[in-house]
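Good morning. I will talk about packing and aromatic rings today. Please look at the structure on the screen.

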Amino acid sequence: MELRQLRYFVTVAEELHFGKAALRLHMTQPPLSQTIQALEEELGAPLFERNRRGVTLSPAGAALLPEARRMLAHAQELPQLVQRAAGGEVGRLTLAFVSSADYSVLPPFLRAYRAAYPQVQITLQEATSDLQLNDLLHNRIDAGLLIPPLPDKAKEQLDYLPVLNEPLVLALPAGLPALKKKGKLTLSALPPLPLIIFPRAISPALHDAILSVFRDAGITPQIGQEAIQMQTIVSLVSAGIGMALVPQSVSNLMRTGVEYRALATATPLVETGLAWRRDNASPVLHGFLDLLRNELRKSALC
């Protein structure tokens, strides 16, 4: 069955006259009649009842008419659908992110992307950087907001775009005597609380950056607990288990029993960036990358 046959059938069904239908189709009547007859033979049922009084739809024709119209309408939409897909306007984007990105760059980027590409279906996955790298290398996600560095093996297949650099801040149990003093704090002014920290195996750069702050202050912290999610770390601080150093954006996670304070001395900057497969030619991904770069340019100008 061809779309041409369906178009001819619908025209005859609307005119209920082969001659008038032929005029609408800019053709002569004999080939139109032959096309309808061929369609009837293919379907195994008459579509029209022909008699001296004229032409009417048969029960089979009446059943086919709405479906034929639907198929023709869908066919007309196909070029536009293909063009939108080629331009990254429709499709699916699978994006993974570290938990700290949920309190910083992820929400505004998603708002901007949804406004620009409302027909793209976004699948979000919270995952640590090591899991994201593995998923990227095995084509399970399109892109990941993660904490670098990328291993040398991954650099051979992945591209990377820095998105955010931010200092570390203290997350402390509320009620500590040292918190009565407003403003920035020094580590030496704090009691020797156990340190709640991200495991080094999961994110060596973040783990080492945190410990370097204590080392520069001449303090050897007691590691009391490790946790892989920022919200878990903050919850443990809220429970009075210990203290933590977290990326500044995590202070947007308000939790009863936790107070965030900046350090009086500069800390290493924690970087968050986007990684994706270099060979991923998805128009949806590249639309996301273009928007992300544009948002970063606008924020740099502000």
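Which residues of the largest nonpolar core touch the most other members? They are Y113, L170, V246 and L274, in a core of 74 residues. A nonpolar core here is a set of buried Ala, Val, Leu, Ile, Met, Phe, Trp, Tyr and Cys residues joined through side-chain atoms within 4.5 Å. Buried means under 20% relative accessible area, with a 1.4 Å probe and protein chains only. Helix α10 gives this core its largest share, 7 residues.

Some housekeeping: this is a predicted model, where local features need pLDDT of at least 70, side-chain atom pairs count only at pLDDT 80 or more, and totals for chains, interfaces and linings use all residues. Residues are numbered from 1 along each chain as its sequence is written, and side-chain values use heavy atoms, leaving out hydrogens and water.

Another core, of 21 residues, lies apart from the largest one and includes F9, V12, F18 and L39.

Now the rings. Phe, Tyr and Trp rings (six-membered ring for Trp) pair if their centres lie within 6.5 Å; planes over 60 degrees apart count as edge-to-face, under 30 as stacked, and the rest as tilted. The count is 4 aromatic pairs. Y113 and F288 make an edge-to-face one, at 5.2 Å centre to centre and 80° between the planes. Y113 is in helix α5 (residues 106-116) and F288 in helix α10 (residues 283-301), so this pair ties together parts 175 residues apart in sequence. The helices are DSSP runs of H or I, at least four residues, numbered from the N terminus. Y113 is buried at 0% relative accessible area, and F288 is buried at 3%. Elsewhere, ring pairs link F9, F18 and F48 into a cluster.

Key:
Helices (H or I, at least four residues) and strands (E, at least two) are DSSP runs, numbered from the N terminus. Buried means under 20% relative accessible area, exposed over 50%, partly exposed in between (1.4 Å probe, protein chains only).
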